[in-house]
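Me: I would like to learn how to read a structure I have not seen before. Where do I begin?

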Amino acid sequence: MTRRLLVTGAAGFIGANFCHYWHATHPADRIVAYDALTYAGNRANLGALDESPRFRFVHADIADTARVAALLREEAIDTIVHFAAESHVDRSIDGPDAFIATNVVGTHSLLKAAREVWMGGSEPVPHRFHHVSTDEVFGSLGPADPAFTETLAYAPNSPYSASKAASDHLVRAYLHTYGLQVTTSNCSNNYGPWHFPEKLIPLCIVNLLQGRELPVYGDGRNVRDWLYVEDHCRGIERVLERGVVGETYNIGGNNEWANIDIVNLLCDLVDEFFAADTALAARFPSAAPARGAASRSLIAFVRDRPGHDRRYAIDAGKVTRELGYAPVESFETGIRKTLAWYLANEPWWRAILDGSYRN
Ligand SMILES: NC(=O)c1ccc[n+]([C@@H]2O[C@H](COP(=O)([O-])OP(=O)(O)OC[C@H]3O[C@@H](n4cnc5c(N)ncnc54)[C@H](O)[C@@H]3O)[C@@H](O)[C@H]2O)c1
């Protein structure tokens with residue numbers, strides 16, 4: 001089946017990866033990328049897609065219901081994949097308002113536009129509204145607790161996860177109240193190309209290459225499940241193609257890591273890459289291995305984030321059993337690819353660090 005997709009948050013980390021993935025794997029489909037270009041949105045993430053006749057970028061806010069409705073009509077969109085959000089927990093602690101505005105009010109605005117255009121005529125237009133959410137809505141687990149399943153009660157603890165939980169509930173309500181054809185996926189932590197260097201893995205990589213401190217919250221024993229971003233995109237593809245309307249699907253990597261273990265792994269990988277390629281020391285003279293030191297010497301434990309959830313773990317049994325989903329990348333292959341990508345794309349992250357990426 002061919003689709004005409006509206007991808008919100010398309011200039012962000014996962015949205016951009018999704019556009020690249022979908023453009024490459026669904027050559028007959030049209031992609032309309034929609035993004036307000038907040039600090040996290042970067043046109044450079046979409047790269048060569050701009051030259052494709054099957055791709056269009058629209059710079060606008062999801063809270064603009066009229067703009068979205070007009071675009072849905074103009075482009076005859078049949079599928080919305082909704083990534084747009086404020087996504088960084090630390091920022092939600094410092095300033096929750098933007099999270100309510102985009103994640104709650106913005107999602108509701110998008111739902112209203114979709115309902116108006118797809119359900120407002122005498123006959124509903126065939127459609128799908130896919131909502132991209134997070135495992136953080138389920139709250140925090142103890143070390144021996146079973147992983148999150150789709151039926152677990154929501155218990156969000158940060159303004160970010162509470163705003164995502166609220167948006168999940170609104171999406172559900174639009175199915176049950178109005179019949180909007182929705183699906184939702186709740187995914188674990190992603191990593192990979194175009195990941196904004198405020199999040200743990202890309203922050204560590206760019207700090208390692210510059211010989212800067214690696215800040216680790218608290219005792220570093222907070223546990224997260226990690227999934228290579230393209231595997232998340234494949235999971236969403238499965239849900240769009242085979243998922244049942246009204247269902248929610250957990251997508252995860254069955255890959256739990258304590259933060260400190262990830263930081264140690266990245267340190268050791270950087271040391272290994274520098275040992276294998278002597279040109280790296282000339283490119284990154286401040287990096288610890290370029291100065292004859294071990295990268296682990298850069299680790300610095302810092303005061304914990306308030307209300308820091310201890311452990312997230314996702315049970316991806318349903319998406320595996322019912323939709324035949326399985327990640328392609330192991331953590332070993334995915335993390336190496338990611339480090340190689342940051343080494344090959346130094347101008348991309350330098351432009352973010354010096355602010356010149358602003359569009
Ligand atoms: N990053 C993860 O590990 C992860 C895991 C699970 C779920 N998610 C969810 O996936 C989605 C994408 O996450 P991400 O990491 O790519 O986020 P991101 O912060 O990298 O990108 C968000 C994008 O949304 C855009 N945006 C923000 N407000 C907007 C608005 N009002 N209107 C239009 N566009 C707006 C931004 O400009 C940016 O391009 C989010 O909904 C997030 O909750 C993320």
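Predicted model: local features only at pLDDT ≥ 70, side-chain atom pairs only at ≥ 80, totals over all residues.

Me: In what order do the strands of the open sheet run, and is the pairing parallel or antiparallel?

Reply: Strands of a sheet pair through backbone hydrogen bonds, in either a parallel or an antiparallel sense. Here 7 strands make an open sheet with the order 3-2-1-4-5-6-10, and the pairing is parallel.

Me: Which residue in strand 4 is the bridge partner of Leu-6?

Reply: Ile-80 is that partner. The two strands involved, strand 1 (residues 4–8) and strand 4 (residues 79–82), pair in the parallel sense over 4 bridges.

Me: How many residues surround the ligand, and which are the closest?

Reply: The ligand is surrounded by 29 residues, the closest being Gly-9, Gly-12, Ala-40, Gly-41 and Ala-85. By class, 14 of the shell are nonpolar, 12 polar and 3 charged. Helix 1 gives the most to this shell, with 3 residues. Helix 4 (97–119), strand 5 (128–134) and strand 7 (189–191) are among the elements that each supply at least two.

Me: Which residues touch the most other members of the largest nonpolar core?

Reply: In soluble globular proteins, nonpolar side chains tend to be buried together. The largest nonpolar core here has 83 residues, and Val-7, Phe-18, Cys-19, Ala-33, Ala-114 and Leu-208 touch the most other members. Leaving aside neighbours within four places in sequence, Ala-33 has contacts that include Val-7, Cys-19, Leu-46 and Phe-57.

Terms used. Residues numbered from 1 in each chain as written. Pairing = 2+ DSSP bridges. Near = placed C-beta within 6 Å. Nonpolar A, V, L, I, M, F, W, Y, C, P; charged D, E, K, R; others polar. Core = buried A, V, L, I, M, F, W, Y, C linked by C-beta atoms within 7 Å. Buried ≥ 20, exposed ≤ 12 C-beta atoms within 10 Å, placed from the backbone. Contact = placed C-beta atoms within 7 Å.
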